[in-house]
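Subject: Structure handover

Hi,

Here is the structure I promised to pass on. Please open it first, then read my notes below.

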Amino acid sequence: MNKMKYQIGVGLAVAMVMSSIVTSCTSSTASKKKRPNIIYIMSDDHATHAISAYGGIYDDYLQTPNIDRIANEGIKFNNVFCTNAICGPSRAAILTGKYSHENGYYKNESGGKFDSTQWTFPKAMQDHGYKTALVGKWHLGTEPVGFDYFKYHDNPGQQGFYYNPIYNENGTKVKEEGYATTLTTNYALDWLKNEKENEKPFMLMLQYKAPHRNWFPEEKYVDLYKGMELPYPETFYDDYKGREKTAGDTDMTMDFFNRKDMKLTPPEGLSPKELNRWYAWGNKRGMGEGWMPNDTMTVEEARKWKYQRYIKDYLACVKSVDDGIGRVLKYLDEEGLAENTIVVYTSDQGFYLGDHGFFDKRFMYEPSLKMPFVLRYPAEIKQPKENNDMITNVDFAPTILDLAGVQIPGDVQGKSFASNMIGNKPTDWPNSMYYHYYEFPFWHHVQPHYGLRGERYKLIHFYYNVDQWEFYDLKKDPNEMNNAIDDPAYTDIIVQMKIDLKERQKQYGDDESLNEFRAITDTDFGNISGNH
Ligand code: SGN
Ligand code: CA
């Protein structure tokens, strides 16, 4: 019942947008030529607070002029959220416009492979006359479908290597020489150049591996922050009070960086197996957590030392991503393509840059929930804008289709925000977003949880082998340090939010029992390379 109501809502939104921003795109063959090109750029694990357009404590250390240019000449979205903040699941949600429980891709670890027989937006774009390409990170196990050309990272696990990466180019494995961010940009530009004479509009998905773990910077940026001490986030010393069983019980604090993350040199004479173990030392509890770099440091000094190594490499990797984006924008200018090409920059989720003492993502807390999202479309967006509507990654597919004048199927769960971009927020636009994370315990030991994030309040239920509710007032407590679930001042709000959360689960069809949710966490769906 609710599901039907929801689909009608989507239909209406589509009709509205069709009659606003994209009228010229659908009506005649002549106007079809005007359909915009789309360059969807997505990096891996790039937090908003490591982008100068969004600002933060690294403003004096990192400028991202090219990402900022997209924002300054287009729209900066401030409230874009990931529905399941981990790589493969986020990518699957983006491609399908559906939550994990609908697209079947819940987890990275033991998550199996993405079912590529299902509907995805690149397939729809291709079917509707777009030339399509994918370069860079794919990370879904099955071969990309819906692309005229692809060249994706295809080492075991499909995370990609920073140096000398192995790609899969239209079905053939190739080992390339060089730095991944530069190479992936090169392939994107090569494809664009090849398509120059093409009559059809194009859609390119340019997906960087960086700045994902283990954060190996490009040679020219290796010493970018040499001799400096970068600032620590306000919540670096979080004591997890009131959140002992959730935020306080993870394998993602500074103690869980491994030796490879820290770029340490191994002793000589280790066998390949020993070497792997030596590098992986620190990965999880019982496997070297809290290892000390030397005998003289205190525990506190070691944490700070690890943070410095990490943040310097992370930000240096971002620098190369920004350079790559600059090359793409320059190409569009030189070829006169900028006006009618939509350029999006986003990341598959956010990331902890020492916030709450963490690295990695997964939690529904702000630093990992929030995705950067900037968009430039000079033909339609003349004035720079900011947008604060609540948007999620399942909304990307319908929005891109909408902008391209392609019909949005009724079972897509996301909503197009094309009209929001021009200041027409649909009256039924949601003022909260629903989240659900499943992977546990490896990697990083984060309790499975679901929740609702409203404009001011956030409610989370951690349920796997704990039963813990958390509630945050983001206005009073933007850093989410005070779990106010038992604060009588919020009782009425919490009661209402629990009702809304249940309602939202029904609406999306994610209203199974907790045992059924736990069974998803426990199921081994296989690994990305196809083995159990
Ligand atoms: C790797 C990383 C983890 C990370 C996952 C998921 N370990 O396994 O730290 O959480 O990827 O990342 S590593 O030592 O092998 O780099 S994701 O971006 O694919 O979701
Ligand atoms: Ca990621």
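Pro211 sits in the loop between strand E8 (202–207) and helix H9 (272–280). Helices (H or I, at least four residues) and strands (E, at least two) are DSSP runs, numbered from the N terminus. The peptide bond between Ala210 and Pro211 is cis, with omega about -5°. A cis bond also joins Phe440 to Pro441, where omega is near 0°. Look for Pro441 in the loop between strand E13 (432–437) and strand E14 (449–454).

Some ground rules. This is a predicted model, in which local features need pLDDT of at least 70 and side-chain atom pairs count only at pLDDT 80 or more, while totals for chains, interfaces and linings use all residues. Residues are numbered from 1 along each chain as its sequence is written, chains are lettered from A and ligands numbered from 1 in the order in which they are written, and side-chain values use heavy atoms, with hydrogens and water left out.

Next, two histidines. His139 has a positive phi of about 60°, although it is not a glycine. His139 belongs to the loop between strand E4 (131–136) and E5. Its relative accessibility is 4%, so His139 counts as buried. The cut-offs are these: buried means under 20% relative accessible area, exposed over 50%, and partly exposed in between (1.4 Å probe, protein chains only). His356 has a positive phi too, about 55°, and is not a glycine. Find His356 in the loop between strand E9 (341–347) and helix H11 (366–369). His356 is buried, at 2% relative accessibility.

Now the calcium ion (ligand 2). Which residues supply its protein donors? They are Asp44 (OD), Asp45 (OD), Asp348 (OD), Asp348 (OD) and Gln349 (OE1), lying 2.2 to 2.8 Å from the ion. Donors here are N, O and S atoms within 2.8 Å of the metal (3.2 Å for Na, K and Ca); water is not among the atoms, so sites may look incomplete. In sequence, the donor residues follow the spacing D-D-x302-D-Q. Why is the arrangement irregular? The 6 donor atoms around the calcium ion (ligand 2) subtend angles of 49 to 167°, and that makes it irregular. For comparison, ideal angles are 90 or 180 degrees for six octahedral donors. Asp44 is buried, with 0% relative accessible area. Asp45 is buried as well, at 0%.

Last, the salt bridges. There are 32 in the structure. A salt bridge is a side-chain nitrogen of Lys or Arg within 4 Å of a carboxyl oxygen of Asp or Glu. Within it, Arg362 and Asp360 have their closest N and O atoms 2.6 Å apart. Arg362 is buried at 4% relative accessibility, and Asp360 is buried at 5%.

Glu73 and Arg69 form a salt bridge at 2.8 Å, N to O. Glu73 is partly exposed, at 33%. Arg69 is partly exposed, at 24%.

Glu176 and Lys151 also pair up, at 2.7 Å, N to O. Glu176 lies in the loop between strand E7 (172–175) and helix H8 (180–194), and Lys151 in strand E5 (residues 149–153), so the bridge ties together parts 25 residues apart in sequence. Lys151 is buried, at 4% relative accessibility.

Best wishes

Definitions and conventions. Tetrahedral: all angles 85-135°; square planar, octahedral: opposite > 155°, others 65-115°.
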